[in-house]
Amino acid sequence: MKKIYTIIALSAAALAFSQKPLEKVEPAFWWKGMKNPELQILVYGKDIAKNEVELSDGIQIKNIQKVENPNYVFLTVNTNEINVPQFKINIKNRKKNIGSYTYQLKQRQPDSADRDSFTSKDVIYLIMPDRFANGNPANDNTKDTAEKSNRKDPGGRHGGDIEGIIKNLDYLKDMGVTAVWNTPLLEDNEPSYSYHGYAQSDYYKIDPRYGSNEDYQRLASELHKRDMKLIMDYVTNHWGSQSWIIKDLPSKDWIHYWKEGEKGFKRSNYRMTTQFDTNAAKTDAENCMDGWFDTTMPDMNQSNPLVVNYMVQNAVWWTEFAGLDGLRVDTYSYNDKKGIAEWTKRITDEYPNLNIVGEVWMHDQAQMSYWQKDSKIAAIENYNSHLPSVMDFTLHDAIGHVFKENSGWDSGIQRVYDNFANDFLYPNINNILVFAENHDTQRFNQSYPNIQDYKLAMTLILTVRGIPQLYYGSEIGMAGDKGKGDGDIRRDFPGGWNGDSNNAFVKSGRTDSQNQYFDFTKKLLNWRKSKEVIHTGKTLHYVPENNVYVYFRYNDKERVMTVINNNTEAQVLNLKRFSEGIKNVSKGKDIISGKEVSLENSLNIPAKTSMIIEL
């Protein structure tokens, strides 16, 4: 019996000796010349807080913060006071050095702080990387990730990756896309249903099934060579249950831990109105903000300064490292209001031109506008999110119905008019994201299988105020039924895998129907590129009649008249009614048909047809 105890004791001693005193350092390196010179370095290792931490080269540690878990130490330094390109973080026990890490301070790219970002000049293409193209089959499965590739499983990994995106950038460039938003590419090591990437397990590492950090850097570089932009999908509200930090929390208040729930879990009530509802019960507001988005997605506590600082530095690190051109923030309005406002402001303070669009999935314009920077609605409660852009979900809601309906007081194309009638609520109307669908919604072409409806919707999205966003595959008529599960609205792009019978990335590989969708999309996207009047012009619109919507985009230099006939019959418009928009112009050119159009008396427009007339 004594021998057994001895063996156990020796094994424990060997295990303790084998555990490194310094296992992780985050961020792994940083840059000189940041507006905020203060850097907080997370140092992680077994019982590291019980040791001493020193920096080489006489560098002073401004603050050492220890937390409940002795495996963490947070070091704060002033980078302006560090005059060497690298220094050592030394872990000492009784003056003996038991571990060290060489920390680098790199030089920033010229004008990094003043980088441009995506604006209303751009058209954003949303990609779900796992379902777009498999450029490197060798990384479909890796030793350090749990879920393996299974293309037959709609909810499984299919093998799409960064290399697949890079190989098809010319396809996007040719179509007229100017910016790419990928759903998250960071490691998501959940044992199943991990392809979507929203349960991230390592915030400083690209998922190896997509590629490497350097591959992500290369994606940005290849986009920039083509005068295109890269937008990162960033998740602040929740992390994945397999995150190394979640598995060994620095402190219990790093996440919202519910005592009555299993492993701290309690599902959010998803009632985002409680964020600003002055009549809301406290318990309902807490359940929204502090409840978990799902069982595998612990809710982050942004009232903890260490959590906010970690997320700020991480977003800055990726922006600097990869050369990002903007961020899209998932579930923005579920975050702690004060914490997410601080996160947003600190990032935009560092990069004044960087655009950040937040997912605010609400169904009322006043409620959505609450979340945009400098909102007068939010000012009623003395709140400012500092968020430059929000997503126009009310327009998306209208599009889901409008092309199926007859004309009515509040139906048919009138829904679209009514949406824009509330534009006065937004502090920056040109900087909201407009879309017909995304990776969480019903596929547009499923709801509307007729290409004529697609043409009406694209005419609308690409000529109204704001930043248009397309969803991968829509431009070739891809459909998908949300009712069958998310996998069906996230189908593989045809031609993205070796052996695909239909290669929609090339004209010769597309069907006649796919080419009709693609050619229309390409024509409008490439026309829109140079149209300042569409990017920033004012809007003049008319109450729809007979399910026909007419609006003008105009500035001091030019005018564009858009006509959308949502009627199943041809219509004749009396142009005198539109004299305020037409002015004294007698003719124009319809960019869709390429034909000259007389604007003197009346305009004939066929059923289910749109026109974009340059005056």
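Which residue in E6 is the bridge partner of Val 43? I will come to that after some notes on the model.

This is a predicted model, where local features need pLDDT of at least 70 and side-chain atom pairs count only at pLDDT 80 or more, while totals for chains, interfaces and linings use all residues. Residues are numbered from 1 along each chain as its sequence is written, and side-chain values use heavy atoms, with hydrogens and water left out.

Back to the question: Val 43 has Val 73 as its bridge partner in E6. Strand E3 (residues 38-44) and strand E6 (residues 72-78) run antiparallel and are joined by seven bridges. Strands here are DSSP runs of E, at least two residues, and helices are runs of H or I, at least four, numbered from the N terminus. Two strands pair if DSSP finds at least two bridges between them.

Now the sheet. It is open, with four antiparallel strands in the order E1-E3-E6-E5. Strand E1 (24-26) and strand E5 (63-66) are the edges, each pairing on one side only. On average, neighbouring strands are turned by 20° against each other, direction ignored. H7 packs on this sheet and touches E1, E3, E5 and E6, its direction making about 105° with that of E3. Axes are fitted to C-alpha atoms, for helices over the stretch in contact, and angles run from 0 to 180 degrees between N-to-C directions. Contact means heavy atoms within 4.5 Å.

Last, the helices. The axes of H7 (residues 305-322) and H8 (residues 337-350) come within 10 Å and cross at roughly 30°. Residues of H7 that meet H8 include Val 308 and Met 311, and Trp 343 is among those on the H8 side.
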